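Dear colleague,

Please find below the structure that I am handing over to you, with its sequence. My notes on the ligand site and on the backbone follow it.

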Amino acid sequence: MKLVFATHNQHKFREVKELVPSHIELLSLTDIGCFEDIPETEPTIEGNALLKARYVLNNYGLSCFADDTGLEVKALDGAPGVYSARFAGPENNADANMKKLLRLMNGHADRSARFKTIIAYCTSESEELFPGICKGEILQHPRGDKGFGYDPVFLPEGYEYSFAEMDQTTKGAISHRGQAIEKLVLHLST
Ligand code: IMP
């Protein structure tokens, strides 16, 4: 079975490829000749995930899934949330985003946060949503050089290592995206 994963993020693609069984041939946007930036203009994570998956279905005629992720920080009333990518500006710069986050967290004793992912799976027959949540806390300083995005400042609950200090397999076993993918894979097998 061939399935498109609508992302230009190579880190995400590698993470997800490791999580899907080998009978599913995962195609990237590059594989299908889609080089344009898919708009993410909805005010919710669910809406943006659907927007990306529908874009590929409507423009390329292929069944597709897409994820959208937000980091929700309790002390910041759920920010950056749906605006996680462009928290510090339109260029989606991970270092600038983390810097801004750490600055806003100054003086907050409660550093609890969670990653929320929604995977939208769209075919010509149906649309399905699969959520995944990973709880944890925001570290005082970035740690580690693996992963991407906010990984260096996120310590998952029950672990001593930040996401950026873990290998891809360990992160995938506990992460928001890993959980959502598990639900998608179960759905595809039933
Ligand atoms: P999007 O889902 O690609 O739109 O991601 C929104 C923002 O969250 C971007 O800044 C990503 O770098 C970041 N992000 C998404 N997934 C993860 C993750 O698994 N770890 C750390 N940051 C992430």
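**Ligand shell**

The residues of the shell around the ligand comprise 4 nonpolar, 5 polar and 6 charged (Ala, Val, Leu, Ile, Met, Phe, Trp, Tyr, Cys and Pro count as nonpolar, Asp, Glu, Lys and Arg as charged, and the others, Gly among them, as polar). The model is a predicted one, in which local features need pLDDT of at least 70 and side-chain atom pairs count only at pLDDT 80 or more, while totals for chains, interfaces and linings use all residues. Residues are numbered from 1 along each chain as its sequence is written, and side-chain values use heavy atoms, with hydrogens and water left out.

Lys12, Thr69, Asp151, Lys171 and Arg177 come nearest among the 15 residues around the ligand (near meaning a heavy atom within 4 Å). Oxygen atoms of the ligand lie 3.3 Å from a polar side-chain atom of Glu40 and 3.2 Å from a side-chain N or O atom of Asp68. At Tyr150, a backbone N or O atom is 3.0 Å from a ligand nitrogen. The protein buries 93% of the 480 Å² that the ligand exposes when taken alone (Shrake-Rupley method, 1.4 Å probe). Strand E3 (64–73) and helix H5 (176–189) each give two or more residues to this shell (strands are DSSP runs E of at least two residues, helices runs H or I of at least four, numbered from the N terminus).

**Largest pocket**

The ligand sits in the largest pocket (more than half of its atoms lie within 2 Å of the grid points). A pocket here is an open set of points on a 1 Å grid over the protein atoms alone, where a 1.4 Å probe fits, with protein on both sides within 12 Å along at least five of seven lines; lining residues have an atom within 4 Å of a point. The largest pocket holds about 930 Å³ of space (the space filled by probe spheres set on the points, which are joined across faces, edges and corners). Its lining has 37 residues, with Asn9, Lys12, Glu40, Ala85 and Asn92 nearest the centre. E3 supplies the largest share of that lining, 5 residues.

**Backbone**

Ala79 and Pro80 are joined by a cis peptide bond, with omega about 0 degrees. Asp77, not a glycine, has a positive phi of about 55 degrees.

Conventions. Polar contact = N/O pair within 3.5 Å; in protein donor to acceptor, adjacent residues only side chain to side chain.
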